[in-house]
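Student: Could you show me how to read aromatic contacts in a protein model, step by step?

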Amino acid sequence: MHSSLNAILETLFPFKIEKRPSDSKLMSYLSPLIAISLTLISGWLLFIALGVDPFTALYTFFILPISDFYGWTELGIKVAPLLLCAMGLSLCFKAKIWNIGAEGQFIMGALGGGAMALAFLESESSWVLVPILMAGILSGLAWSAIAALLKTHFKANEILTTIMLNYIALNALLYCVHGPLKDPEGFNFPQSALFGDASLLPLLHDDYRLNISLLFGLLALTAIWTLMSRSWIGYQINVLGEDAAAAKYAGFKEKTLSWFALLTCGALAGLAGVSEATGPVGQLVPQISPGYGYAAIIVVFLGRMHPVGILLASMLLGLTYMGGEMVQMEMTLPKSLTGLFQGMLLFFLLASDLLISYRIIRIKKTAMPSDPTHAVSQG
Amino acid sequence: MDIELLTNILYATIRTGTPLILVALGEMVCEKSGVLNLGQEGMMLMGAVVGFMAAITTGNLYVAVLVSIFAGMFMASLFGFLSISLVSNQVATGLALTIFGGGLSAFLGASYVGVGIDGIQPLNIPLLSDIPVIGKILFQQDPLVYLSFALFALVYWVFKSTRLGLNIRAVGENPEAANATGINVHGIRYLCVIFGGAMAGLAGGYLSLAYTPLWSEGMTAGKGWIALSLVVFASWKAERIMLGAYLFGAASIMHLILQGTRFEVAPNLLAMLPYVATIFVLVLLSSNHAKTKLNTPMSLGVPYRPQL
C-alpha cells in the first residue's frame, strides 16, 4: 500500500529535491523576484476568475496608486510604520527569536502615545511631541519587555506569548476607546478626541500628508544597519542566530541578546504606533493598525533581512495597502485583496526559498527494471 | 449562584470549548507525527468562511460542514506540500498559512459580512436530554458537539490501541528508524497534517455555522493559537486536551459567569482573559520544563528528507 502511495506521489510530482553542496547566494536574491512574479500571475488568474480585466485590475492595484508624486508621498506614509516594525523584527529574526509581537507593540505604542497626546490636548507648545513620542516608544518597549521576560526567565515559547500579547493589546485599545479615552463629545463612537495640532507630527511639506515618521524609519534603518554590520553586539546577534552552540561556547550571553533584540523591536514598533496615531490618523481608533505588525514579518522575509531589501519590500507591502484601497474605489473590488496578496507573497516566497538550499531535479522515468534473477533463470 | 445559571454556564462552556477541542486534537495528531503546523488560525478561518458561503448557497448546513472540512484539508495540503515535500521551515510556513488564510478568507467573505443564517440547531438526545442538569449540559447540544465527543474517542482509541497510532508516534519520534521498519514517513505525515486540516476546518465551520452563526473577518480571534498552546499544556494527551479546552471555554464566557455575582467588568477586559490564561499556562509549563520536554515528540518541527 505504501509503495503505491509513493507511486501516486511520484506521478503527481515527478521531481525530487536534492541538497545543494552549499547554499545558492544567487537564489536567495532571485527567490523574492520569483515570489513576486508568481503572486502577479496568481493575481492575473484571480482577476480573470472574478470576471474583471486582469490587466486593468493589476494596473489599478500596483501602478495607479503611485502614478503621480502625491501617490509616492502617500506610499511614504505606509512605508514608515512598516520600515520601523520590520527593522526591529529583523533584529529578532537574525537572532532566531520568533517575535510575532510587532502588532501588539505597535498598538501599545499608539495607545501610550495617544493617551499622552490626550493629556496635552490644550497645549500649544511644539515640545509636547517629545513626551508623546517617548510615551509611545516606552509603551511598545514595555510590551516587548513582557515577551522578553517570558522568554528568558520562564522559557515560554515566544511565538505563542507574543501572539497572545497582540490580542491583549488589541483588547486594551478597544477597552480604552470604549471607556476611559472615549471622546466625551464623540456621539458615543468608540474613538478618542482628535489630538491637538501641536501633538501631530510635523509634515514634510504642507501640500502632502507625509510626515517626519518616514525619517524615523530611515533613521532606524541606518542605525540597525550600522549596529548589525559594525558593532560587537550586532556581531553577537548574528552568531547567535547562525549557531547558538557557537555563541554559547564563545561566552555570548543569550539572555542579554534576547532582551536587547526584543526591546529594540518593541521601541521601534511603539514609535511606529505613536507615529501612526499622531500622524495620518490623528486620534485613537479601534483599527489603528491595518495589520502593519504582521505585514512587517513578510517585509523582513521578502527583504532577506537586509536593510536595503527591507526598504524595497516595505515599499511593495505598503503598495499592497494602497492597491487594496484603489481597486475598491475604482473597480468596487473588495479591499481585502490586500491581505490576499500579502499572504500569497509570503507563501510563494517560502516555496521559492527552497531553491536556495535545494535544487529540484526531474525523476527519470525509467522502465521497470527487469528482474535480474528472472533474466538469469531464463538464460 | 442558582442551579439554572450553573447549568447555563456549563452548557456554554462545552459550546465554547468545542472548537478548541477540534483544532487541538487535530494539531495534536499532526504534532505526534513530528509536524508543527502553526497555520491553525488560517485553516480555521478558511473553514469558517467557505462553510458559511456553502450554507448560503446550498441552504444545507450539513453540506456546509463538509465543505468547511474540505477547505481545511485543502489549506493543510498546501502546508503539507511545502513543509513535507519541499522541506520548508515549518514555523515560517505555518505563519504564512495563517497570514494567507486570513487574507484569503477576508477576501472570499467580503460580501457575506452581516448576512445571517439560522445555524445548526441543538439536537436533543431522547431520554438522556431529560435528565436534570446533566441532560441540558451534555445532551441538548448541537450535533457538532456530539461529533467532537466522537472524534475525541476516535483519536484516543487510535493512539491507545491501534498500529496506526503506533506508526504515527514512531514517525514523530524517530523518522529514520520508522522508515527503516518500512513505515512511509511522508505518507503518515501527509495523513496527519491533512487530518489536522480537516479538524481545523470543522472547528471553523462550527464557529460560523453553529456557534455564532455568522461570518466576520478574523472571527477565530486567536482560537487557533490558543489551541496550539493547549496541545503543549495537555502534553500531547487527548484526554487532557478535552479538559483544557473546557477550562479555556470557561475563561471565554466570564461575562456569563460574572452575571451571578456583583462584579461588573468591561467586556473588552474580560475578552483578554483567555489570552492571559494562555500566557499563564505557558509560564506554568516552564516550571515543569523537563517533563514537557519528555512528552514532546522528538522530531517535532524537523523536516524529514528520505535518503535516496
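**Rings and their surroundings**

Student: Is Phe62(A) buried or exposed?

Tutor: Phe62(A) counts as buried, because its relative accessibility is 13% (buried means under 20% relative accessible area, exposed over 50%, partly exposed in between, with a 1.4 Å probe and protein chains only). This is a predicted model, in which local features need pLDDT of at least 70 and side-chain atom pairs count only at 80 or more, while totals for chains, interfaces and linings use all residues. Residues are numbered from 1 along each chain as written, chains are lettered from A and ligands numbered from 1 in written order, and side-chain values use heavy atoms, without hydrogens and water.

Student: How many aromatic pairs are there over all chains?

Tutor: Rings of Phe, Tyr and Trp (its six-membered ring) pair if their centres lie within 6.5 Å, and planes under 30 degrees apart are stacked, over 60 edge-to-face, and the rest tilted; the count over all chains is 20. Ring pairs join Phe47(A), Phe61(A), Phe62(A) and Phe341(A) into a cluster.

Student: Which residue lies over the face of Tyr11(B)?

Tutor: A charge sits over a ring if NZ of Lys or CZ of Arg is within 6 Å of the ring centre and within 35 degrees of the ring normal. Lys136(B) lies over the face of Tyr11(B), 4.3 Å from the ring centre, and Lys32(B) lies over that of Phe159(B), at 5.2 Å.
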